[in-house]
Amino acid sequence: MSARRSRLTAVLGLAIGAVAVVAPAAAATPSATACPDLDVVFARGTTEIPGPGVVGKPLIPAVQRALPGKSVSSYAVDYAASIDQSSAGPGATDMTRHVVRLAAACPGTKFVLGGLSQGASVTDIAIGVKSGLGSGETVPDGLADRVVAVVVFGNPLGGLFRQTIKDTSPVYGPKALEICNLGDLVCGGLGTRGPGFGHLSYSFDGSVEMAAGFIGHNYR
């Protein structure tokens, strides 16, 4: 493990100790006759219990409010969210396989991909951005147009490589929102929010509403 990755893992270990625990939420599974207009696929942060996590949980209803009259389903990525950051690759594979399955069953459904912290790394890998935190299956090129937005919070890509999705993905960069608070060492503190907003504040500092508004705009 590189010194930079070791330092990032240590920062994450300190940060996640204060993350609130939320109850897991069952993923919505549409019937063949009731496919959703939009499916929000979200990966929780490191050590959070299975479910959408502290950011994904409020994001889903916020997206529903941003798209009145549209049906919105959600899927919580099934992965370990391990403290050593080694589970992002398998998480990306689960994210990708869910998108492929639902896209085949529901040809009109569009998607949002996103995650918090290690969940952002899951998202990076699933859209083909090399994160240095493993490898996994990626969303097929033929489905890229059906992904209307990518939203990530506290993405380690910034902390590890000083890169962003916008910098590295010609396909997904134009429709990516990357929220990184000033003072958040995990994502490199490259954001414009703060001071005083760090890695643990995304669920309550207005970031969720910002992301929902971005998704609503991109969907239209």
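Me: What share of the contacts with a separation of 6 or more comes from residues 24 or more positions apart?
Reply: In this predicted model, such residues account for 75% of those contacts in the protein chain.

Me: Nice. How many helices and strands are there in the protein chain?
Reply: The protein chain has seven helices and five strands.

Me: And what pattern do they follow along the sequence?
Reply: Going along the sequence, you get α-β-α-β-α-β-α-β-α-α-β-α.

Me: Switching to burial: what percentage of the residues is buried?
Reply: Of the 220 residues in the protein chain, 55% are buried.

Me: New topic. How many salt bridges turn up in the whole structure?
Reply: A search of the whole structure finds one. The side chains of R97 and E137 form this pair, at 2.5 Å from N to O.

Me: Where do the two partners sit in the chain?
Reply: R97 belongs to helix α3, residues 88-105. E137 lies in the loop between α4 (118-126) and β4 (147-153). The two are 40 residues apart, so the pair links distant parts of the chain.

Me: Is R97 buried, exposed or partly exposed, and which is E137?
Reply: R97 has a relative accessible area of 42%, so it counts as partly exposed. E137 is also partly exposed, with 32% relative accessibility.

Terms used
Residues are numbered from 1 along each chain as its sequence is written. This is a predicted model: local features need pLDDT of at least 70, side-chain atom pairs count only at pLDDT 80 or more; totals for chains, interfaces and linings use all residues. Side-chain values use heavy atoms; hydrogens and water are left out. Helices (H or I, at least four residues) and strands (E, at least two) are DSSP runs, numbered from the N terminus. Buried means under 20% relative accessible area, exposed over 50%, partly exposed in between (1.4 Å probe, protein chains only). Contact means heavy atoms within 4.5 Å. A salt bridge is a side-chain nitrogen of Lys or Arg within 4 Å of a carboxyl oxygen of Asp or Glu.
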